[in-house]
Amino acid sequence: MGSEITVRMIDVAKAFGETRALKKCDFEARAGEVHAIVGENGSGKSTMAKIMSGVLHPDAGKVTILGEKVASPVDAKRVGLTTIFQEVLVADEASVFENLYVGRDGVFRSQSTGDRRTEAAEILARLVGKSVDLDQLAGSLPLSIKQWIVIARAILRKPQVLILDESSAALDLDSTLRLHAEIDRLRAEGATILIVTHRIAELVRIADRATILRDGITVGTLGKDEITEENLLSMMTPADRRASDATEYASRKKALEAPLILTATGLAAHRSARLFDFDLPKGSIVGVAGLDGQGQDAFIRALAGIIQPFGGEVKVRSVDTDKMVPLRSLDDAANLGVSYVSGDRKREGIFPQQSIFENLAIGVYRKKLGPLGVIRKPTLKPMFKREVDRLRIKIGSPSNRITSLSGGNQQKVLIGRAFANDPQVILLNDPARGVDLGTKRDLYRELRLFAEKGGSVIYLSSEIEEFIGFADRVDVFFGGTLFRSLTGEEIAEAPILAAMFGKARDASVDFDLERTA
Amino acid sequence: MISTVLNTEIGAAGGSSALRKHKSISIGFCLLAGLLILGALLVPGFVSPQNARSILLLAAFLGLASVGQTLCALVGALDLSIPYIIGGANILLPSLMVAGLPAPVAMIVVLVLGTLVGACNGALSFRLQGQALIMSLGLGFAAVGAVQIYTSLGSQFGGTVFAPVPGWLRNLSAFNGKFFGLPFPPVIVIWAVIAVALGWIMHNTWFGRSLYAVGGSRTAAARLGISEFKVWTVIHSVSGAMSALTGMLLLGFSGGGFVGVGDPYLFTTVAAVVIGGTSLLGGAGGYGATVLGVLVLTVLTSLLVGLGLSFPAQQAVVGLLIVPMVAIYARSPHIRNQI
């Protein structure tokens, strides 16, 4: 090691309209190392990755990749740099095989299909952990496999520099381990691997060095031995913020004894699944967990009135009459004060051509209508300011497009949209996907406050550590049904994991998280 | 090691929306000003009250016909039935009057029929999405065919209908029409009022905002409880009504009904939307932009006529204008800039 420098950035700056995403960024990575780029939402991590990959051009500063300047994504690939972006970019209408080699053929030359198929099958089997039919349409596969397709596509290019931009966000534990093995393999071959991530636990295990970004400035680089959770956190978060977050939330078992605000009876995620009941006490936070595709996603959508469950009934206590009223549609949900936040902000959240203000306010327009559907706009400005302050959303001007914000801040705007309606129940479907720790803390704090004031929360997450010290109860889904409810001390990593894998309560689960060196 | 300074200044990914709006509007204004200057230099009598009046009059017809096209473009649809409804209204109104209906009643009947055709168009287009283009074209054909069958019943009329047009209708939209004694036809005022009202409605009502929402992201709009079906039906109804209105006003302009009167509007309504800067993919733009597009298109035509170009030559020039316009701002942003 200690070999040649492959990526170098000196004094790089980049602004989007009013938002200064990068102010002063200095960075160096070497061949044969895993280098992490860490920072909160809006600290400029993604922008940095996009500049390296030639997608964005810096306003100032120098960027060299393997000794060359990179002016476009095509250029970057020619030089030997490949990026796996946060978004899962897969062509649904094409086969898995076509997706793996998209953009690889020149007009006149192409590798033999036979070689490619063997290579592709091999790499997918290694990554997914089981063989994948290459002729299947990518659209028919679950999100987790699509994510692997994107990763495999990048690895098949045999890059000298590989950038992973939050790519492990949607992967479960097992998959993360397989990804790490793959990263080790690439490192041994002398490639530079840059990981843009917020998962601190992951970094401790895998990174050789870590560069920390705060507010668009690279505040320092840590060596292998210095990478610890405390060091990272203290460099990522300004000191004043840490102090305010230090107060631990007390156990709130009482919340579960409050009167019910939402009940669901006889639900099933699909035809063959066992029926189950669900209830939500007022003022409580209920976590929903499960491996990919165990029915929890359909469940939370049914509660939001987006889809119809297979049989069963959802009822919510009406604010006006204090009686339990059936919820069957989106309109019912709106009338009963049930708000839904999707983690898939790109597809079902943001309006990309509209302003930040519009994206937040559009959720309350309906409640602010005068005669003839005229929106009473003057009332909206204070509401907007309140939500922006409350969630600490980093924005330039409210009239800028929502796409000028970082992914995490876009998510905050969507959560603001849900809060702005003063809901009595808020449903969050994996809202923290691809969101960093600081933002998550802001979110937990706000949801806690919301619950203390009598609001109720259902929080679906793919990351179980999110529930610990946060949820009053965790409902784990397995096999299309509510498999187990955990409360009190059971809300810990091992019991939740056991339930997720459908294991009996007392079975011990042994997950070796340490990398065998 | 070669290191090169990257010091480019490009407004990539998601610049401010205000900036973009200014961009398309300032391009429109520059075009308009350029054309006016060219006209003043090259065509004698181009800058005169008479020419201004005729440009505004023609612009008013196109502007009214483009209302529906703009709304449709905002959700990513196109209404190709507009020229046929205009033509149909243009012959149905006089033949209803010949049949003995008083002019105001006949006008209401035509307006209602236009709205109904639009509503059918919207509902069917939505249900059979992907085929929306051919659907609107088919319904337009059917409507104009049905009207011609009606006008030819028991009369010698077919695609051309003659009837005495009441003086007030002529006054509304004839060259020498008067607006409360002022020397311009009232249709210009009607257009201006509709333009201002529509601009306000688009920004301040739930209807307007839900249109932009559906155009921007269908799924996200659905999550907010916005009915896409309703939006499609309403905007196509408005489009049908505005087309029928344009057809009737054109009767006052020409004095006789002719089924082909709407034909130029197939291209020009879409062109006005695109030149104005409203994306045909939905979600961005507005009627204010279309007003600019309408003016650019009308002034350009007037300039070309003034220069003595034949109709085919005019067509060629106007057609070619679309190329740079699409290149400048009607494209969807590159995928990497949407991330």
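In which strand of chain A does D11(A) lie? In this predicted model, D11(A) belongs to strand β1, which covers residues 5-16 of chain A. The backbone here deserves a friendly second look. Most residues other than glycine have a negative phi. D11(A), however, is not a glycine and has a positive phi, near 55°. As for its surroundings, D11(A) has 12 C-beta neighbours inside 10 Å and therefore counts as exposed, since the exposed class takes in residues with 12 or fewer.

D322(A) sits in a loop of chain A, the one between β13 (313-317) and β14 (324-326). With 8 other C-beta atoms within 10 Å, D322(A) is exposed.

Turning to chain B, a pair of helices comes into view. Helix α8 of chain B spans residues 206-216, and helix α10 of chain B spans residues 228-254. Their axes come within 10 Å and cross at roughly 115°. An angle of 65 to 115 degrees counts as roughly perpendicular, and α8(B) and α10(B) are therefore roughly perpendicular to each other. The crossing in which α8(B) passes α10(B) is left-handed. On the α8(B) side, the contact is made by S210(B), L211(B) and V214(B); on the α10(B) side, E228(B), V231(B) and I235(B) take part. Sorted by class, the residues of this contact between α8(B) and α10(B) are 4 nonpolar, 1 polar and 1 charged.

Key: Residues are numbered from 1 along each chain as its sequence is written. Chains are lettered from A and ligands numbered from 1 in the order in which they are written. This is a predicted model: local features need pLDDT of at least 70, side-chain atom pairs count only at pLDDT 80 or more; totals for chains, interfaces and linings use all residues. Axes are lines fitted to C-alpha atoms, for helices over the stretch in contact, and angles run from 0 to 180 degrees between N-to-C directions. Helices (H or I, at least four residues) and strands (E, at least two) are DSSP runs, numbered from the N terminus. Angles under 35 degrees count as roughly parallel, over 145 as roughly antiparallel, 65 to 115 as roughly perpendicular and the rest as oblique. A crossing is left-handed if the near helix is turned anticlockwise from the far one by less than a right angle, and right-handed if clockwise. Two residues are in contact if their C-beta atoms, placed from the backbone, lie within 7 Å. Ala, Val, Leu, Ile, Met, Phe, Trp, Tyr, Cys and Pro count as nonpolar, Asp, Glu, Lys and Arg as charged, and the others, Gly among them, as polar. A residue is buried if 20 or more other C-beta atoms lie within 10 Å of its own, exposed if 12 or fewer, and partly exposed in between; C-beta atoms are placed from the backbone.
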